[in-house]
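Subject: Handover of a two-chain model

Dear colleague,

Please find below the structure that I am handing over to you. My notes on what was found in it follow directly after.

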Amino acid sequence: MRISSKTAQKIAFSFLGLAAVIVIVPVIVIFAILIQKGLPAINWQFLTAMPRMGMRAGGIFPAIMGTIYLVLGTIVVALPIGVLAAIYLVEYARRNWWTRMIEVAIVNLAGVPSVVYGLFGMGLFVIFLKFGASILSGSLTLSIMILPVIITASKEALSSVPRSFREASLALGVSKWQTIRYVVLPNALPGILTGTILGISRAAGETAPILFTVAAFYLPRLPKSIFDQCMALPYHLYVLSTQVPNVSQKVQYGTALVLVGLVFILNFFAVVIRSYMRSKKQW
Amino acid sequence: MNTPTPISAQQDGGSASLLGGLPHQGGGRNEDLTRFTDKIVVENLSIHYGSVEALKNVSFSVKNHEILGVIGPANSGKTSFLRAMNRLNDLEIATHTEGSIYLNGKDINREMDAEEVRKKVTMVFALPLPLPMSIFDNIAYGPRRHGTKDKKKLAEIVEKSLKAAFLWDEVKDRLSSSAMKLSGGQQQRLCIARTLAVEPEVILYDEPCSGLDPISTARVEEAMFELKSRYTQILVTNNVKQAARVGDRVAFFLMGELVEIDTADKLFTAPKDKRTDDYITGRFG
């Protein structure tokens, strides 16, 4: 018996819809569990106090601040390098074996497991350059990890600015750099920012790269300089879950909720910036 | 497509340029003598894109303050020639140019840098290309990048340029609104105004009216006539009638060769080459 084309279409649509639902389900379940089990732990003290009793009580303030410092350090290092590299690749570099090699390197960089970045960061920044386990080493390691994300997003944003805009500017005798600075960059900015924030939110959640380069097991005070170690949320969560006995589930889930909330806020910013810029976009 | 004022202006220019083919003659009356000097001299110009030869050993000159119409079917090399004039061809990776183009006697490829050439020889593109910013900022863009900071001066330049391109009256009350909201014809005149703001000597038009309706086209042509007194203009067009209306002289390109260049009257009434005759009478192209 042949299936009528209408029935075939219905079957196809239900499979497609099912696939879409399967994507949403884990997100909803994760959030539901985190909120249900973690929300009771969250209060003002939990967010702003130092941990006590071997992290079984008190707050997670140093871990929150540590993650924020690491994120800021990563932005400061990765954003300029990433954007400048993307400008070079899109606007200046000619297509030859050298630029192809750079592009292959970027793709491969994106595929390196994060724990390898951790070991690399320890070898280069902590030991060889003698920065020690510090915010500096951690930020640099995270920066290298998210550079491919920023470069790829920036390249796409730059290439999406129509070539005709560049020609209109160049045809007036405006130099290439001024054309990039005043015509290309302003129009590529939303894409660059979105890519950067997504990269940063990934950096905020990673454990392996900071494991050997910055994260402190237990440090109930704030770092004083970029050469100090600090606590960080992902590593703190790992410690609470596996290294410290008798930690209440409430504290573990509360920490996880704060971490996910932080990443969520960053992603939310990316979406807001993108839609705001898109509404202002005129072409 | 009636353009009453321009036509009288054209006859004016046309009678003068009848003699334009012979430099330095006929300047006896009250005519401006510089009108008959060569603004641009093209010598043995060949352009290759990779293995394709877009322009084959072309030589001719463009007189000061004339409108040179350039006609020819697709792939005839007319756009390549135009893009060579302000060195936009430099942006293509695989171009190879032989021969020379002289602007005021200076070789634009060897004795001038690209920015200097493009500032003096600006281009209006086929599609109107306003930058995604306000009308004011579009016009002020060139002068600002070339170092004019003074706000009063910029406002003066904007007003002067918009007036010269016949756009001022239509936009003077909304200079701060986006240039993207203007109609196609207004955008194209905005682009002309934007090129005028950098005070060029030569204006190149690459089929500037191909996307415009007849009335907008007439307004753009009107602007070209007004600009004749101060600028040398080269108009590449697919519209043979437009070349006849606007051009003092007209050049006919075919397959990368310059077939014929003459005053508009002569080229359209008594072409020397049969291929020109075939093209303008619509037998091909």
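**The contact between the chains**

In this predicted model, the contact draws 17 residues from chain A and 20 residues from chain B; two residues are in contact if their C-beta atoms, placed from the backbone, lie within 7 Å. On the side of chain A that touches chain B, the elements that give two or more residues are helix 7 (163-170) and helix 8 (176-205) of chain A. Helices (H or I, at least four residues) and strands (E, at least two) are DSSP runs, numbered from the N terminus. Helix 7 of chain A gives the most to this side, with five residues. By class, the side of chain A that touches chain B has nine nonpolar, six polar and two charged residues. Here Ala, Val, Leu, Ile, Met, Phe, Trp, Tyr, Cys and Pro count as nonpolar, Asp, Glu, Lys and Arg as charged, and the others, Gly among them, as polar.

**Conventions and confidence**

Residues are numbered from 1 along each chain as its sequence is written, while chains are lettered from A and ligands numbered from 1 in the order in which they are written. As this is a predicted model, local features need pLDDT of at least 70 and side-chain atom pairs count only at pLDDT 80 or more, whereas totals for chains, interfaces and linings use all residues.

The predictor gives the complex an ipTM of 0.78 and a pTM of 0.77. For chain B the mean pLDDT (the predictor's confidence in each residue, from 0 to 100) is 82, and 87% of its residues reach 70 or more.

**Chain A**

Chain A has 11 helices and two strands, in the order α-α-β-β-α-α-α-α-α-α-α-α-α along the sequence. Its C-alpha trace spans about 70 × 70 × 35 Å along the principal axes. Of the 283 residues of chain A, 37% count as buried. A residue is buried if 20 or more other C-beta atoms lie within 10 Å of its own, exposed if 12 or fewer, and partly exposed in between, with C-beta atoms placed from the backbone.

How do the two helices named above pack against each other? Helix 7 and helix 8 of chain A pack at an angle of about 125°, with their axes 10 Å apart. Axes are lines fitted to C-alpha atoms, for helices over the stretch in contact, and angles run from 0 to 180 degrees between N-to-C directions. The two helices of chain A are therefore oblique to each other; angles under 35 degrees count as roughly parallel, over 145 as roughly antiparallel, 65 to 115 as roughly perpendicular and the rest as oblique. Phe165(A), Arg166(A), Ser169(A) and Leu170(A) in helix 7 meet Lys176(A), Thr179(A), Val183(A) and Val184(A) in helix 8. By class, this contact has four nonpolar, two polar and two charged residues.

Helix 10 (residues 233-242) of chain A is mostly covered, with seven of its 10 residues buried. Among them are Leu233(A), Tyr235(A) and Leu240(A). The buried residues of helix 10 pack against helix 3, helix 8, helix 9 (208-211) and helix 11 (249-280) of chain A. Tyr92(A) belongs to helix 3 (residues 61-92) of chain A and counts as exposed, with 11 C-beta neighbours inside 10 Å.

**Chain B**

Chain B has 11 helices and 10 strands, and 47% of its 285 residues count as buried. Val70(B) lies in strand 3 (residues 67-71) of chain B and is buried, with 27 other C-beta atoms within 10 Å. Leaving aside neighbours within four places in sequence, Val70(B) is in contact with Lys78(B), Ile234(B), Leu235(B), Val236(B), Ala251(B) and Phe253(B).

Asn57(B), in strand 2 (residues 52-63) of chain B, has a phi near 50°, a positive value in a residue other than glycine. Phe166(B), in the loop between helix 5 (151-164) and helix 6 (168-171) of chain B, has a positive phi near 60°. Asn57(B) counts as partly exposed, with 14 C-beta neighbours inside 10 Å, and Phe166(B) also counts as partly exposed, with 17.

With kind regards
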